[in-house]
Amino acid sequence: VSISEVVHTLLEALALVVLVVFLFLQSWRATLIPVLAIPVSIIGTFAFFIPLGFTVNTLTLFGFVLAIGIVVDDAIVVVEAVQHYMDYQKLSAREATARAMKDISGPVVAIALILAAVFVPVGFIPGIVGRLYQQFAITIAISVLISAFVALSLTPALCMLLLKPMHIAPDSTGINLFFYKFNKWFERTSSRYTNGVRKSIKASKYVLIFLLCLFVGTFLLFKSKPTGFIPTEDEGRLYITFELPEASSTNRSLEVIDTMMNMLQRTPGIKHYAALGGLNVVTFATKSNSGTVFVSLQPWDERKSKALQLQGLIANLQKQFASIKEANVVVIPPPAIPGLGQTGGFSFELEQRESNDDIRTFENVVKTFVAEANKRPEINRAFSFFTARTPGYQLEVDREKCKKLGVSVADVYTTIQTFLGSRYVNDFSIYGRNFRVVAQADSSYRNDIHNLQQYYVRNSAGEMMPLSTLTTYKVTENAPLITHYNLFRTAEINGNAAQGYSSGQAIAALQQVAAKVLPEGYNYEFSGLSREEINAGSSTIYIFALSIVFVFLFLAALYESWSVPFSVLFAVPLGAFGAILTLTFIPRLTDNVYAQIGLITLIGLAAKNAILIVEFAKERVDGGMELVPATLDAVKIRLRPIIMTSMAFILGVLPLAFATGAGAVARSTIGFTVLGGMLAATLLAIFIVPGLFVVITRLSYGKNKLSRLHEHPPALERVDHV
């Protein structure tokens, strides 16, 4: 179901991208060319799934949703350039295509390599974080490389076949009139934008100060934003487990299950449920005083209100089950990744390491820790099913008396096992079927310890001796189940982060409680998703650093300069600022794995827009044009493709940002991260990048070199421009 939800998001993104492309290209012929590049790039990526061992899952489909807004960019740049030459210089389709490919082949290749350089290093990250990143990142990288190949081969051929000169007159009607007014508005906007860039270049000192402040603000926002790992999703199912007082009978457990099922029957949002008496799903212990109900929820389309969604249902059910006074009932969401723990939320392992305390003292330490943890606002009902209060009998065989009466001790133990437990005898066949024979006392003779006087064992003289004469017993209390984690006696404590807090904050709160209340000789570890979150640690920082280093090396090779690439790289923090600012204004989303995936995507996307400006400006400077006019010329020509490609991507991720249903938290996190980041990287970078290019070029080239280029330009063909 989750995959079908993502496919639906994929189709919505495709429709919005097509709408933006048609708005800017204003011709179905021109729109068809980049639209055809989408299925070619996406379907071509599937060809690499088999050798790479990838599957069609939510992560790869997330990659395709983002790739729709990326793979169309190269084709848009080509089509826009060809149409520009046809409309303004009256060239034929073939001549316009040839001229356009000379202009934009370099940027197309550069953008593809930069995006691949961002994502490919992610594929070599070990651990579960690497597994989460790999399929997503490699999917986008392959689709981007294929789209670049399509833009340099299929797209020019389609341009020569399909494109025609366009002339939208002022007296047009219908949609053409709208396009005419839109073009006039965009021309005025371009002029104002160029003037704004000219002012930002003159005030470059203040631009640099603003950029520095923005970097500091980004750092502080990341420090203050709660972190997480993998958010708990509404998977359409729940676990409800309970425990009665120790030694409660199975009949009492079944009565509680019946009561709970009657409550579930009257609860909106519940579709199916099935109960299993005697099983605690958290500890997987089988005891007479416990039970578990497995609940399936109604489809997501029928649970639109918050009260019928996961957290609302958990709160409602927990409130209803509070009326069952004799049982400790816990409503548990399943873990975000099957196999990493039994429940969603945190898994805390309290260990008795160097202490010699008995099991009762250990239980008191566990209870004290749980009580203290529940006082923290970051924790939503920490709980543990560990107990050392289960009543039982300690039965001892009097060996001296057995010796005097001539009874074998082995026979005594065998008799106790057979009557109180069970003992396999043999198999026999009758009526064509095989039956297993198991000896055991009838249940009415096993419900009281005094029944021992009715069990007999034969002595060496052939006399039958009652077991009550050979054994003694006393009532005790002990732990029914003792678990070990890394060889240490352990009690597992589970729970969730409270509403408005992240899993990272819950983990930090548990660590602070442990430092406060755990006595000498006790320690702790985390397991499940909590352990993976801690192990991931600062791996994201290393991922970012590695991706940026790869991007820098590609840009240095492209521009044959160690300094000019910084005018592109400084656009990356602009995207990060927009992303973290958006997440800050949406408290329900945390800085988790999916947000970090979106941030890695923004490295390439922010660099892409900067490359379109820097590449054209540097080409003109190297051709002999003065630095500032060359930069202004580049920003004016490149504004339309930058806005076009950015809008295509931004609208393409809107279905992700406002997703509902299965996997909605993951999709919203990625969507809002790249949405806010791309808006900032577009609106801020188109003003800041030109100023950075001018400042860095002046520092890199020096006045003498710029003067020589202007006086003696190299023998290169000058690029015509409007």
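Contact here means heavy atoms within 4.5 Å. The structure is a predicted model, in which local features need pLDDT of at least 70 and side-chain atom pairs count only at pLDDT 80 or more, while totals for chains, interfaces and linings use all residues. Residues are numbered from 1 along each chain as its sequence is written, and side-chain values use heavy atoms, with hydrogens and water left out.

Not counting residues up to four places away in sequence, H484 touches R489 and T490. H484 sits in strand β13 (residues 483-485); strands (E, at least two residues) and helices (H or I, at least four) are DSSP runs, numbered from the N terminus. With a relative accessible area of 52%, H484 is exposed (buried means under 20%, exposed over 50%, partly exposed in between; 1.4 Å probe, protein chains only). Q352 lies 132 residues away along the chain, and its C-alpha atom is separated from that of H484 by 9.5 Å.

Turning to the helices, the axes of α21 (residues 627-657) and α22 (residues 664-683) come within 8 Å and cross at roughly 160°. α21 is therefore roughly antiparallel to α22 (angles under 35 degrees count as roughly parallel, over 145 as roughly antiparallel, 65 to 115 as roughly perpendicular and the rest as oblique). Among the residues that meet are F649 and L656 in α21, and F672 and M678 in α22. The residues of this contact comprise 13 nonpolar, four polar and one charged (Ala, Val, Leu, Ile, Met, Phe, Trp, Tyr, Cys and Pro count as nonpolar, Asp, Glu, Lys and Arg as charged, and the others, Gly among them, as polar).

Note on methods. Axes are lines fitted to C-alpha atoms, for helices over the stretch in contact, and angles run from 0 to 180 degrees between N-to-C directions.
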